[in-house]
Amino acid sequence: MMEELQAALIAITVLRSNVDHVFGIFLNELHNSEGRKLVANLQKLLSTINVNLRQINYMMTTLTRFFDDMTISQSESVNSDSSFDITLGYVLKAVIIIRGMVIEWIVVKGYEESIDIWTQSRHKVFRKITENALAAILHFDSVEYPEFGIQSFMIWFHTLINLFNDPCTHCGLHLKQFLPPTWRDFSNGDAYHEECKPYFSIVR
C-alpha cells in the first residue's frame, strides 16, 4: 500500500512540475504586467505545493519504516492528495487531513469500524481519543518547523498502540469509569485516565 501511495504522490508531483513548465511558457508570452503578476503568484503557489508533497511523502515513508505496527496509506474516504488513513496494529484506525504542512483534522475510530472524516466513533473511548488527538495537534503545531510538528504528532500518536495494555501512570489501574487511560502525556507518552492526568501535561 505504501508503494502505491508513493507512486501516487510522485505522479502528482510530476503533474505539478509539468503544469509549472506550462505556466513558465505562458508567462514569457504575456505582455500585460497584471497578467504576469497573476501567473507568477500561481507559479509560486504551485511550487509550494510541490515542496509540501515531497516533504509529506518523505515523512510518511520514514514513519512507516520506523514503526512496523503502524500503516499509513492515502485515504479512500477523503478526496484530497494530503489525506491519510492510519492503522495502529489491531487497536484503532484514524483519518488525518494535512493542508500545506499543517494537520487540520483527525478522526479516530476502533479497528473494526469503517473510517471516514465525517462521523465519530460509536465507542466513547475513541471519541475521547479523537478529542485528545486534536489537542495534541495544537500542541505540536510549529510555524517555524511544520514538518517537525507533524513528525512529533505522529510519534505521540503511536503511543496509543498500547491503549488497552498500559495502566494509568497515576493510579495504576487499567480501567476507571469503564475506560482505559485515554490521555497520553505530550512530552513522554505516559498513559493517564482523564481524571488522573496532571495539569502541567495539558498546558505546556
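Author: Axes here are lines fitted to C-alpha atoms, for helices over the stretch in contact, and angles run from 0 to 180 degrees between N-to-C directions. Helices (H or I, at least four residues) and strands (E, at least two) are DSSP runs, numbered from the N terminus. The model is predicted: local features need pLDDT of at least 70 and side-chain atom pairs count only at pLDDT 80 or more, while totals for chains, interfaces and linings use all residues. Residues are numbered from 1 along each chain as its sequence is written, and side-chain values use heavy atoms, with hydrogens and water left out.

Start with the helices. Helix α3 (residues 124–140) packs against helix α4 (residues 146–158) at an angle of about 145°, and their axes are 9 Å apart. On the α3 side, the contact (heavy atoms within 4.5 Å) is made by Asn132, Ala133, Ala136, Ile137 and Phe140. On the α4 side, Gly149, Ser152, Phe153 and Trp156 take part. Of the residues in this contact, six are nonpolar, three are polar and none is charged. In this count, Ala, Val, Leu, Ile, Met, Phe, Trp, Tyr, Cys and Pro are nonpolar, Asp, Glu, Lys and Arg are charged, and the others, Gly among them, are polar.

Now the strands, where two strands pair if DSSP finds at least two bridges between them. Strand β3 (residues 92–99) has six of its eight residues buried, where buried means under 20% relative accessible area, exposed over 50%, and partly exposed in between (1.4 Å probe, protein chains only). Strand β2 (residues 83–88) pairs with β3 in the antiparallel sense over six bridges, and Thr87 stands opposite Lys93 in β3. Three residues lie between the strands in the hairpin of β2 and β3, and Gly89 takes a positive phi near 50° there.

Strand β3 also runs antiparallel to strand β4 (residues 102–110), joined by eight bridges. The hairpin of β3 and β4 has two residues between the strands, and Gly100 in the turn has a positive phi of about 65°.

Within this pairing, Ala94 stands opposite Val108 in β4. Val108 counts as buried because its relative accessible area is 0%. Leaving out residues up to four places away in sequence, Val108 touches Leu92, Lys93, Ala94, Ser121, Phe126, Ile129, Thr130 and Phe157. The C-alpha atoms of Val108 and Gln120, 12 residues apart along the chain, are separated by 7.6 Å.
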